[in-house]
Amino acid sequence: MLGKLSWETALPQDIVTLGGVIMGGLGLLAVIAAMTYYKKWGWLWRHWLTSLDPKKIGIMYIAVSALMLLRGLADAAMLRAQQAVFANMADSPVSADLFQQVFSAHGTIMIFFVAMGIIFGVINLIMPLQIGARDVAFPLLNAISFWLFFAGMALMNVSLAIGGEFSTAGWLAYPPLSGLEYSPGPGVDYWIWSLQVSGIGSLLSGVNFLVTIFTMRRKGMTLMKMPIFTWSVVASMLLVVFVFPILTVTLTLLSLDRTLETHFFTSDMGGNPMMYVNLIWAWGHPEVYILILPAFGIFSEVVAALCGKRLFGYVSMVWALMAISVLSFTVWLHHFFTMGGGANVNAFFGIMTMIIAIPTGVKVFNWLFTMYRGRVRFDTPMLWFMGFVVTFTIGGVTGVMLAVPGIDFQVHNTLFLVAHFHNVIIGGVVFGMFAGYAYWFPKFTGFRLHEGLGKAAFWSWLIGFVLAFGPLYILGFMGAVRRLDSYDPSLGWQGLFIVAGIGLLIILLGVFFQVVQLAYSIWKRKELAVGPDPWNGRTLEWATPTPVPEYNFATLPTVHERDAFWEQKQEKDKAKKLSYEAIHLPKNTGYGVYVGAASFVIGFAVIWHIWWLALVGVAATVILVIMSSLWEDSEKELSAKEVESIETKLWGQKA
Amino acid sequence: MAKLIKKPLLTPLRVILSSILILIILVWGTWLLIDGRDMDILDPKGLIASQQQWLIIGTALLSLVVILPVYTMLGMFAWKYRATNAKAKYTPNADNNHLLEAIWWGIPIIIIAALSVVTYVTSHQLDPQKRLYDDSGRSVNVQVVALQWKWLFIYPDYGIAAVNDLRMPVGIPVNFEISAEAPMSAFWIPRLGSQVYAMNGMSSSLSLQADEAGEYIGRNSNINGEGYSLMDFKVSAVPEAQFDTWTKATKKSMSAEGRYLDFATYKKELVKPSKDNPAVYYQLKDDKLYKKIMQQFMPEHQYGGGH
């Protein structure tokens, strides 16, 4: 009846996991209790969970990702604590097995449920506004994408409570280690299904955003007049559309190996694990560009706005984005030069990898020359940008070093590699998201984030980052490989690990400042209130009232130039006499939540081999999809009068 | 925003002085943490690793060509064009300059082109599959099997095998063939250079040469289960004569003790997962052992076809 699920298999296997489950459970209970006490469930359901407004979906993405960031950081803290302090103690609370679960979870969470979530959140919030649209092309599909992401996230976390273990095979789960023979427990299945479910959501988002950009731009906004962030979304989502199917197929084959005992990736009976390694990186390498390209887009917007200057070399920037996007398909093999591909194969992929450094370098110079003869304001978004240039340059350089196969043979899978990719992901993606957060926050709330606390957070992150990852480069040169839960104390590595741990503590201090900043800014929102265009912005998202109304634009703007809003502001004839018209918007619906729930059920049922339940889940999904397709009365109308009253109210309060 | 216009906290002098101070602290702190430790990769003891060391140092120096201008421009532009500096030129609409853009498309292209040549040449030079021989055409063959969680070294030419103890003569290249009966692992001796993956049913090649006698650490660099962190092994590079003595003595004493290794003993004694194994030695009884270990995973042998 319950497949492999039983009391023996379900309970957490070790005290640390149990503690995590209890704490997480208590937190969840507290939230549920508070929601019930304040009678907020109806509000939550009507205004958030069922909303098809991309801005609300975006905020939900970011909220979930922020929570997951905290979990990913807690995992990082456990890893560092183990390596800095407990590694050589006989009674470490972290066993080798648990340690391996934790680093697998850390990587998986940070990439799939933090970085991806925040990217999709920001795109939802900003992209429709930048192209002067009222919505995305497929609003319901957008909600479904989010709820698939949510379901994947839920599966990932449920693994701790039910089953008590996560995969120990690293964030990319190479077989044969991730195969049935070496990982018989449910951990790898949890990994597969949480990625499978959220990955399908990502693919649908990719399609949705591309269609939105290609069909819903405002009149006059030709491709070469699109804001650069929107271009970065094009580049990134093209990658999503091409590579996520690879992930889906790869995970499907791996799960067939594990559930039906096929032999795609086993090392015997004709299976070939090297094929998995190729496939997963054919997805995995473009994946890192999926993350970094929108961050590049954010930086481009931030630099132009905070330097009060047009973005330097827009055309170069677009070409650079698209070049990176295309080239990123041709480099996957650099993740396994050490698999014995042969000199010519390795040289080819090494050189292709280095070529990516060219457009990336061009972007950096263009940003710097946007500052040149500008008026640079050092508000937090700009600080994040400058911190990015400092850290990302090092990450780029070490990336080029790793691209030389002769060097890679010596530093592959060492802490040098770990330092490199944190260097680009934290310095690039994370700093980019924080820049965007500080930059666009006032647009959706009507008040700024507290500047002092933001700066404190920035400096903590930057200093913490240097201390946390600088030592790892050195440890790499000492021959320290990644993922070690213990090492010989006579090597003298402990000091460097301790410094790395201190670095992490300083990063955590930065996170603390960010949490306080948010709470404090909400508390002092009256004092921090700003108008709809606090940065003297250039692109259309700043043209709307603040907070942005559900329909974005009461009257749709016409675009003549690249920086459309900047242009509007230069033409002083603020023809305020506007005629409003009725606006059609998608109605709220629970379909997204239901599809997400059904997918969760499918994933959970397959993990535990509860076949009847899996069938129920599949049937429910099919029925829900058919029903939602037949849903006709899906739009509501805001009359011209309602629009006018909303607009007057929103513009009036700031006048 | 009147608050912003006050005496600047950051004057150029203060910035430079505090930067120097921070640099000194960083260098000093780093020195404390690395002094007396082994920097295996930057202190190589073998032919391959020495070339890789120079490749690392060379590319790191080359990267300064990028890092220094970027950092300098970032600092200078941020200082000079700060919003409070009303004297600086302000050209809000300047958004391209073909000459400048040509320069920064051009410079990275030149750097990468140069580096591509280096990459191509060194990919061949340092290709792990390239067999090395000394001047008189000699080399030592060692077959390596990654197990959970230990290493088996088979010396087919000397008729011995050892667990977790690799010995090699100084100055004579060793040609490794590497396979596994475990999740994908990686064979790596940082002091000697180049790691390669060890995979079931496949044989990877790697040639290394120790140039200096000494004891080095060998590692597994790819996670392969619970005992991964404990999968170090001892590498001894010894003078040739000593190596010959060792192989002969081992063979003799193992045959005296009756410790023979064939496929059956291998399956019985070595395949079972174990951690922290002490060094164990055998006389090799089956010189096709390595092949047989690999063949276990090959379909034509599994299906019984072809025989």
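**Figure 1. A:Arg483 in the loop between α15 (451-477) and α16 of chain A.** This view is taken from a predicted model, in which local features need pLDDT of at least 70, side-chain atom pairs count only at pLDDT 80 or more, and totals for chains, interfaces and linings use all residues. Residues are numbered from 1 along each chain as its sequence is written, while chains are lettered from A and ligands numbered from 1 in the order in which they are written. Helices (H or I, at least four residues) and strands (E, at least two) are DSSP runs, numbered from the N terminus. A:Arg483 is not a glycine, yet its phi is positive, near 65°. Most residues other than glycine have a negative phi, and most peptide bonds are trans. A:Arg483 has 19 other C-beta atoms within 10 Å and is partly exposed. With C-beta atoms placed from the backbone, a residue is buried if 20 or more other C-beta atoms lie within 10 Å of its own, exposed if 12 or fewer, and partly exposed in between.

**Figure 2. B:Ser194 in strand β7 of chain B.** B:Ser194 is a further residue that is not a glycine but has a positive phi, here about 40°. B:Ser194 counts as buried, with 28 C-beta neighbours inside 10 Å. Strand β7 (193-198) also supplies at least two residues of the side of chain B that touches chain A.

**Figure 3. Cis peptide bonds at A:Pro547 and B:Trp149.** In chain A, the peptide bond from A:Thr546 to A:Pro547 is cis, and its omega is near -10°. A:Pro547 belongs to the loop between α16 (494-523) and α17 (564-570) of chain A. In chain B, B:Gln148 and B:Trp149 are joined by a cis peptide bond with omega about -10°. The loop that holds B:Trp149 runs between β1 (140-147) and β2 (150-155) of chain B.

**Figure 4. Crossing of helices α6 (residues 139-161) and α18 (residues 591-607) of chain A.** Two packed helices are described by the angle between their axes and the distance between the axes. Here the axes come within 8 Å and cross at roughly 35°; axes are lines fitted to C-alpha atoms, for helices over the stretch in contact, and angles run from 0 to 180 degrees between N-to-C directions. The crossing of α6(A) with α18(A) is right-handed. A crossing is left-handed if the near helix is turned anticlockwise from the far one by less than a right angle, and right-handed if clockwise. Residues of α6(A) in the contact include A:Phe146, A:Trp147 and A:Phe150, and those of α18(A) include A:Tyr591, A:Phe600 and A:Phe604. Two residues are in contact if their C-beta atoms, placed from the backbone, lie within 7 Å. By class, this contact has 15 nonpolar, 4 polar and no charged residues. Ala, Val, Leu, Ile, Met, Phe, Trp, Tyr, Cys and Pro count as nonpolar, Asp, Glu, Lys and Arg as charged, and the others, Gly among them, as polar.

**Figure 5. Crossing of helices α5 (residues 96-130) and α14 (residues 415-445) of chain A.** The two axes come within 11 Å, at an angle of roughly 35°, and the crossing is left-handed. From α5(A), A:Ala115, A:Ile118, A:Val122, A:Leu125 and A:Ile126 meet A:Val429, A:Met433, A:Gly436, A:Trp440 and A:Phe444 of α14(A). The contact comprises 9 nonpolar residues, 1 polar residue and no charged residues.

**Figure 6. The contact between chain B and chain A.** On the two sides, 78 residues of chain B are in contact with 78 residues of chain A. Among the elements of chain B that each supply at least two residues to this side are α1 (12-34), α2 (47-80) and α3 (98-125). The side of chain B that touches chain A has 43 nonpolar, 25 polar and 10 charged residues.

**Figure 7. Domains 1 and 2 of chain B.** Domain 1 consists of 39-85 + 98-126, and domain 2 of 140-302; these bounds come from an automatic or database domain assignment. The domain centres, taken over C-alpha atoms, are separated by 38 Å. Domain 1 contributes 10 residues to the contact and domain 2 contributes 12 residues. On the side of domain 1 that touches domain 2 there are 6 nonpolar, 2 polar and 2 charged residues. The C-alpha trace of chain B spans about 90 × 45 × 45 Å along its principal axes.
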